[in-house]
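The following paragraphs walk through parts of one protein model, to be read with the coordinates open.

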Amino acid sequence: MIHTENLTKSFGDQVAVDRLNLDIAEGEVFGFLGPNGAGKTTTIRMLTCLIAPTSGRARVLNYEVGRDDEQIRRNVGILTETPGMYDRLSAYRNLSIFARLYEVEQVDYQVEKYLKLLGLWERRDDAVGEFSKGMRQKLAIGRALLHEPQVLFLDEPTAALDPEASRLVHDFVAELKGRGRTIFLCTHNLDEADRLCDRVAVFKTHLRVLDTPGRLRQQVYGRQVAFHLGGPAELFLSQVKSLPFVDQAEAKDAKLIVTLDDPESRNPDIVRALVGAGADIQFVGELRYSLEDVYLQLMKEDAPAAG
Ligand SMILES: Nc1ncnc2c1ncn2[C@@H]1O[C@H](COP(=O)(O)OP(=O)(O)OP(=O)(O)O)[C@@H](O)[C@H]1O
Ligand SMILES: [Mg+2]
């Protein structure tokens, strides 16, 4: 659905996006993560034909960026970082203007559908200039969908939203995915990415990693199991470390944290060894790192060494 080959954008002698290679499948929700200034918005702007790449190529829906820009614009929806609206006009007028621009066939039907879906129907006659940030954002999401695009680019869709409105957007994204849309999502909300995305990329001018959230966790942290004991875990540390299948183990107060390739088959052996050595095991559980932990760890590795 989206394919890039060495896609590059420079501004003067500053490279914002450096030889990006992506392959995003139809129906996928793809999370594009990275710090401020990483080049995420620049990437979206290239893929939606708002700015031309410096080099490399990209295809969206099998249309070539730079050659089939008109078709791409017709078939993608984009929520930009700062969506412009006509402030003096009503929400309804705003959407109908954009619907006509996109040559939507049933303008009134589509405008009503999205105003209702996004909970703005009651406010349809109010000037957008009087809307709160979150209401504007919802309206902008509706605007991006009026022409029922196959591919949707969302640049920080929940940045200004309260938890309830964010949930609405999340459910909405899940629903769009259910209907087979492909979604390219830039976000700083890592929980959001974790919940919604099939795969995520961590990007900072270059592509750093790309995988499912689950595999990234495993790649960065391995699988770790915590054995909660009745007393100081230190006492049993060397014994557990000596087990041949244990990669790593550490004691933290009453917790023994063990890194393992295959906890399902190895935990029973560890439990037996601990019980044999006289430990009281209160409970056993796998440690679950958040995508935020993974992201911060990757960024830490990325930082230039101090000194
Ligand atoms: N039109 C432009 N002219 C010059 N430099 C630009 C332009 N647009 C972006 N840049 C630069 O390109 C780099 C990437 O910017 P971009 O907006 O893509 O980052 P981002 O990943 O979207 O960041 P954020 O998370 O803050 O939105 C930045 O250093 C920015 O200053
Ligand atoms: Mg941005």
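In β13, threonine 259 is the bridge partner of glutamine 248. The model in which this pair is found is a predicted one. Strands β12 and β13, the latter covering residues 255–260, pair in the antiparallel sense over five bridges. Strands of a sheet pair through backbone hydrogen bonds, in either a parallel or an antiparallel arrangement.

The two strands belong to an open sheet of four strands, ordered β12-β13-β11-β14, and the pairing in this sheet is antiparallel. At its edges stand β12 (248–252) and β14 (281–286); each has a single partner strand, so one side of each is left without a neighbour in the sheet. From one strand to the next, the twist averages 20°.

The loop between α9 (234–241) and β12 holds phenylalanine 245. Glutamate 70 is 175 residues from phenylalanine 245 along the chain, and the C-alpha atoms of the two are separated by 58 Å.

The model also has an open sheet of four strands in the order β2-β1-β4-β5, again with antiparallel pairing. Its edge strands are β2 (14–24) and β5 (63–64), each of which pairs on one side only. Strand β1, residues 2–11, joins β2 in the antiparallel sense over seven bridges. One pairing to look for involves isoleucine 2, whose bridge partner in β2 is isoleucine 24.

Helix α1 covers residues 40–47. How many of the eight residues of α1 are buried? Seven are, so the helix is largely enclosed by the rest of the structure. The buried residues are Lys40, Thr42, Thr43, Ile44, Arg45, Met46 and Leu47. After α1 comes cysteine 49, which has a positive phi, near 65°.

Note on methods: Residues are numbered from 1 along each chain as its sequence is written. Chains are lettered from A and ligands numbered from 1 in the order in which they are written. This is a predicted model: local features need pLDDT of at least 70, side-chain atom pairs count only at pLDDT 80 or more; totals for chains, interfaces and linings use all residues. Two strands pair if DSSP finds at least two bridges between them. Axes are lines fitted to C-alpha atoms, for helices over the stretch in contact, and angles run from 0 to 180 degrees between N-to-C directions. A residue is buried if 20 or more other C-beta atoms lie within 10 Å of its own, exposed if 12 or fewer, and partly exposed in between; C-beta atoms are placed from the backbone.
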